[in-house]
Amino acid sequence: MNVGGRLGKAFRRYTDEHPMTCHGLSLSLGGPEPLDETFLRRLKLFLNDHQIRCYSEHLSYCSDDGHLYDLMPIPFTAEAIAHTVERISRTQDILGRQIAIENVSYYASPGSDMPEIEFLTTILEQADCLLLLDVNNIYVNSVNHRYDAREFLNALPGERIVYGHIAGHYNEADDLLVDTHGAAVIAGVWQLLDLAFERFGVFPTLLERDFNLPPVDELLDEVQQIRSIQDRYNLTDSGNDQPHTPERHFSTRTG
Ligand SMILES: [Fe+2]
């Protein structure tokens, strides 16, 4: 936002020519401070002006009195659900559209009264928002917090998935994986993506890589691997009732 001049024009060319999605880092959906409604109003103008198809944020918080620039875990409690649902609903009302929330990785679970899957699905349902499904985060959390990643995936409301993330992680120890986006995607995470497409139909999927960048050919090989799995489920009748049509999720809400 607020970029003009030569760079603003270059960005405008991209958004004119390509379907775009935006991924936020600073909304702090679970945070204790009031929502930044000034930011949201400016964001609405930006999203509409550039015809951004989908806006996503993390199911976490990242601020109190100032920004922490990290994604902190929301407690899995009924109180936190009510708080977060209200903030997502307010966000959607201001933006005039559904947003997608991303399941995040977490390393501590403060005051948890329920499993992560119950926390996530309750918020999706009550806020009536969409899901940005990060399969690497499921994998990492399943090892760190000792649950079955496939069971977790199977319990998700597939009709809410609007797009996906896949990434590599760091092996700190057998029972501690760190979601770094700094390594190649491992076989177990590819298998989860495969299972997600099989179960929910194909959805657009983004490879996340933040540092430790390999030669671009290696990155493109991973992008190609996403395409290959997508093609496999696009070409075969996988037994789904109907093919996934993400476009239906991108429509704006009224009111
Ligand atoms: Fe992600």
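The following paragraphs look at how helix H7 packs against two other helices, H8 and H5. The model is a predicted one, in which local features need pLDDT of at least 70 and side-chain atom pairs count only at pLDDT 80 or more, while totals for chains, interfaces and linings use all residues. Residues are numbered from 1 along each chain as its sequence is written, and side-chain values use heavy atoms, with hydrogens and water left out.

Helix H7 covers residues 187–200 and helix H8 covers residues 216–235, helices being DSSP runs of H or I with at least four residues, numbered from the N terminus. Their axes lie 9 Å apart and meet at an angle of about 30°, which makes H7 roughly parallel to H8 (angles under 35 degrees count as roughly parallel, over 145 as roughly antiparallel, 65 to 115 as roughly perpendicular and the rest as oblique). On the H7 side, the contact (heavy atoms within 4.5 Å) is made by Trp 190, Leu 193, Asp 194, Phe 197 and Glu 198, and the residues of H8 that take part include Ile 226, Ile 229 and Tyr 233. Sorted by class, this contact has six nonpolar, two polar and four charged residues.

Helix H5, residues 135–144, also packs against H7, with axes that come within 9 Å and cross at roughly 125°, and the two helices are therefore oblique to each other. Here Val 135, Asn 136, Ile 138 and Tyr 139 of H5 meet Gly 188, Val 189, Leu 192 and Leu 193 of H7.

Conventions. Axes are lines fitted to C-alpha atoms, for helices over the stretch in contact, and angles run from 0 to 180 degrees between N-to-C directions. Ala, Val, Leu, Ile, Met, Phe, Trp, Tyr, Cys and Pro count as nonpolar, Asp, Glu, Lys and Arg as charged, and the others, Gly among them, as polar.
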